[in-house]
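Subject: Structure for your review

Dear colleague,

Please find below the structure that I am handing over to you. My notes on what was found in it follow directly after.

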Amino acid sequence: MNLQQLEYIVAVDQHRHFARAADSCYVTQATLSMMIRKLEDELDAVIFDRSRQPVVPTDAGRRIIEQARIVLKEAALLRQINTEASGELSGQLRIGIIPTLAPYILPYFLSSFLQKYSGVQVRITELNTAQISEQLAQDKLDVGILATPLPNEGLKTDPLFYERFFVFTSKEEKTLRKKYVVPQDLDTARIWLLQEGHCLRSQMMSLCHLKRDAALHNLEYEAGSIESLLQIVEINKGLTIVPELATVSFDGEKKKQLKAFRPPVPVREISLVTYRHFIKNRLLAALKAEIIAGVMPILGNAAKDQTVIGIES
C-alpha cells in the first residue's frame with residue numbers, strides 16, 4: 001500500500017469515473033485500475049462497485065476512502081511542516097470565492113500576491129457559499145473568501161473587513177430623496193434580487209424583511225451577477241442593494257444613484273474560511289495580509305454604529 005494508491009481511490013470517488021480520475025492523476029486508466037486492484041487485493045476488499053455507472057464505492061469502500069483522505073491529509077501536513085521550516089512559501093493554494101465579491105476584490109490583491117510569492121501556485125474558483133463550504137469539507141479547496149458568519153460548525157472564519165451596503169436606484173427614482181435611508185423606506189415591491197444560491201440575495205431579503213415566496217414584480221428576472229442587477233434596475237426602474245466594493249468603479253453620475261443607509265449601517269462581514277483541519281497557516285497569513293493591504297485603502301470609513309447582515313441557513 002502506498003500514498004499513490006490512496007490518491008487514486010480518492011480521485012475515483014471524486015469523479016465517479018475511472019477515465020476522468022486517471023486524467024486528473026495524469027496516469028493512464030490501465031495504470032490507475034491496476035493500482036486500485038492491487039490495493040483491493042491487499043486489503044481483501046472491493047472498494048468500488050464497477051457494475052454501476054457512475055461508479056460508486058461499496059459500503060467497505062466508503063470507510064476505506066474516508067480513512068484514505070485522513071492519511072493523505074496527514075501526509076500533506078508532514079510536507080507542509082518541512083516547507084514552513086525552510087522559511088519558503090510554496091505549494092498550491094486553492095481558493096473559492098463568491099461571485100458577488102470576486103470581480104471587485106481580486107484586482108486589489110491577486111497580482112501583488114503572485115509577484116511576492118512566486119513559488120505558490122494559486123487556483124481560484126467562483127462558487128456560491130454552499131459549494132465553497134462543501135468543497136472545503138471535502139478538501140477540494142484550501143480556503144474560501146466569502147460573507148460570514150456561517151452556520152457550519154466545522155468551518156473556521158477569520159474576518160478580513162466589513163463592507164457597507166448601499167441602495168442603488170434608477171435615474172428616474174422619485175421616492176428616495178433623502179440623504180440617508182433606513183430599510184423601512186424601501187418599497188419591497190420594487191426591489192430586484194439576485195438569483196437563488198447567492199448569499200447576497202439572502203442578506204438583501206433579511207435586510208428588507210422579505211419572505212422567500214414574495215412576488216416582487218410581474219417580470220420574473222433574477223440576476224446572476226451584480227452587473228446584471230444594475231442593468232435591470234436601469235431598464236425597468238426600481239432599486240436594489242449593492243455592497244461597497246461593487247460601487248468603487250462607479251463614475252460621478254452613477255454614484256448619484258446611490259443612497260447610504262442611516263446608522264446602524266448594514267454591512268456584510270467578509271472572511272477567510274477554512275476547514276477545521278487546515279494546515280497551510282503561513283500561506284493563509286500571507287493571503288490575509290495581502291488582501292487587507294490591497295482592500296482597506298479602497299473601502300470608505302465604516303461607521304462605528306453598524307450591524308452585520310447574516311446569511312439565512
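A residue is called buried when its relative accessible area is under 20%, exposed when that area is over 50%, and partly exposed in between, using a 1.4 Å probe and protein chains only. Please note that this is a predicted model, in which local features need pLDDT of at least 70 and side-chain atom pairs count only at pLDDT 80 or more, while totals for chains, interfaces and linings use all residues. Residues are numbered from 1 along each chain as its sequence is written, and side-chain values use heavy atoms, with hydrogens and water left out.

Overall architecture

The protein has eleven helices and eleven strands; these are DSSP runs numbered from the N terminus, with helices (H or I) of at least four residues and strands (E) of at least two. Its C-alpha trace spans about 75 × 50 × 30 Å along the principal axes. Of the 313 residues, 45% are buried. Among contacts (heavy atoms within 4.5 Å) with a separation of 6 or more, 76% are between residues 24 or more positions apart.

Glu-290 and its surroundings

Glu-290 belongs to helix α11 (residues 281-295). This residue is buried because its relative accessible area is 8%. Beyond its neighbours within four places in sequence, Glu-290 contacts Phe-109, Ser-112, Phe-113, Lys-116 and Tyr-117. Of these, Phe-113 is itself buried, with a relative accessible area of 1%.

Aromatic rings

A pair of aromatic rings is described by the distance of the centres and the angle of the planes. Rings of Phe, Tyr and Trp (its six-membered ring) pair if their centres lie within 6.5 Å; planes under 30 degrees apart count as stacked, over 60 as edge-to-face and the rest as tilted. Three aromatic pairs were found in the whole structure. In one of them, the ring centres of Phe-18 and Phe-48 are 6.0 Å apart and the planes stand at 75 degrees, so this pair is edge-to-face. It joins distant parts of the chain, since Phe-18 is in helix α2 (residues 18-25) and Phe-48 in strand β1 (residues 48-49), 30 residues apart. Both Phe-18 and Phe-48 are buried. Phe-113 and Tyr-117 form a tilted pair, with 5.0 Å from centre to centre and 50 degrees between the planes.

Helices α1 and α3

The axes of helix α1 (residues 3-15) and helix α3 (residues 29-43) come within 9 Å and cross at roughly 110 degrees. Helix α1 is therefore roughly perpendicular to α3. Axes here are lines fitted to C-alpha atoms, for helices over the stretch in contact, with angles from 0 to 180 degrees between N-to-C directions; under 35 degrees counts as roughly parallel, over 145 as roughly antiparallel, 65 to 115 as roughly perpendicular and the rest as oblique. The residues in contact include Tyr-8 and Ile-9 of α1, and Met-35 and Leu-39 of α3.

Met-35, in helix α3, is buried, with a relative accessible area of 13%. Apart from neighbours within four places in sequence, Met-35 is in contact with Asn-2, Gln-4, Gln-5 and Tyr-8.

Val-46 is located in the loop between α3 and β1. Not counting residues up to four places away in sequence, Val-46 touches Glu-40, Thr-58 and Gly-61.

Yours sincerely
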